[in-house]
Amino acid sequence: MKLDPFYLIVDSSDWVARLVPLGVKLVQLRIKDRSETEIRTEIRNAKAICAADRCQLIVNDYWRLAIEEGCDFIHLGQEDLADADLGAIRSAGVKLGVSTHDAVELTAALAVEPDYIALGPIYATILKQMKWAPQGLERLRHWRSLVGDLPLVAIGGLNIDRIDGVFEHGADSAAVVTDITLNENPEKRTRQWIAATNSKRIDLR
Ligand SMILES: Cc1ncc(COP(=O)(O)OP(=O)(O)O)c(N)n1
Ligand SMILES: Cc1nc(C(=O)O)sc1CCOP(=O)(O)O
Ligand SMILES: [Mg+2]
């Protein structure tokens with residue numbers, strides 16, 4: 001399986017509607033602190049937009065809702081993984097990406113035979129408090145050597161100027177939140193990300 005090199009992460013279907021039609025091909029819906037009913041609606045809306053724009057939707061955390069809504073890709077962190085029914089995820093044919101931050105987590109992640117591994121935070125992030133110091137690019141290179149052919153996602157503090165570095169150190173895809181959502185012109189920034197990852201995108205064909 002190949003991932004698009006530009007992995008957008010947003011917290012609402014409004015963001016999906018705003019940015020995916022610009023040419024985004026991989027988007028994660030990462031919603032926190034909303035009711036299950038609201039999240040179901042958000043997943044449903046995002047799924048319809050992504051289907052129309054041929055964009056791969058990945059649902060963060062809410063694996064049960066993702067299955068019920070007919071989604072085909074989820075992302076789970078280590079704590080999410082501990083609570084998840086992997087049998088149900090697999091028998092629903094849902095692909096799985098897993099976060100990692102250290103060697104113990106990588107071992108646990110590889111044990112569930114994920115469809116990709118994410119390593120973060122590569123750089124300091126302002127999105128959420130993290131107990132891990134920035135991993136840095138050499139750590140990303142090391143992860144590349146440990147995950148074999150599995151797609152590797154770099155996340156945390158990425159911006160346009162840092163894209164080339166993560167690809168040069170073994171990432172297949174660069175995940176981003178605030179460089180786009182907090183940008184004064186998110187549409188323009190999204191187009192810049194698409195252009196900056198285009199040479200990697202051509203490699204996918
Ligand atoms: C691509 C990607 N990588 C890492 C994460 C973080 O997942 P997790 O550790 O479960 O933390 P939350 O995002 O749920 O706060 C991610 N969402 N996506
Ligand atoms: C959601 C998330 N998970 C991370 C991890 O390391 O697992 S870093 C991160 C935040 C990414 O946001 P930004 O691009 O704004 O730094
Ligand atoms: Mg999570």
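**Exercise 1.** Determine why strand β1 is largely enclosed by the rest of the structure.

*Solution.* Strands are DSSP E runs of at least two residues, numbered from the N terminus. In this predicted model, strand β1 covers residues 6-10, and five of its five residues are buried, so the rest of the structure largely encloses the strand. A residue is buried if 20 or more other C-beta atoms, placed from the backbone, lie within 10 Å of its own. Next, take each face in turn: Phe6, Leu8 and Val10 are buried on one side, and Tyr7 and Ile9 are buried on the other.

Residues are numbered from 1 along each chain as its sequence is written, while chains are lettered from A and ligands numbered from 1 in written order.

**Exercise 2.** Identify the strands with which β1 pairs, and in which sense.

*Solution.* Two strands pair if DSSP finds at least two bridges between them. With β8 (residues 173-176), β1 forms three bridges in the parallel sense; there, Tyr7 stands opposite Ala175. With β2 (residues 26-29), β1 also pairs in the parallel sense over three bridges, and Leu29 of β2 is the bridge partner of Val10.

**Exercise 3.** Characterise the surroundings of ligand 1.

*Solution.* The shell holds 15 residues, the closest being Gly77, Ser99, Ala118, Ile155 and Ala175; a residue counts as near if its C-beta atom, placed from the backbone, lies within 6 Å. Strands β5 (95-100) and β7 (152-155) each give two or more residues to this shell.

Methods:
Predicted model: local features only at pLDDT ≥ 70, side-chain atom pairs only at ≥ 80, totals over all residues. Helix = DSSP H or I, 4+ residues; strand = E, 2+ residues; numbered from the N terminus. Buried ≥ 20, exposed ≤ 12 C-beta atoms within 10 Å, placed from the backbone.
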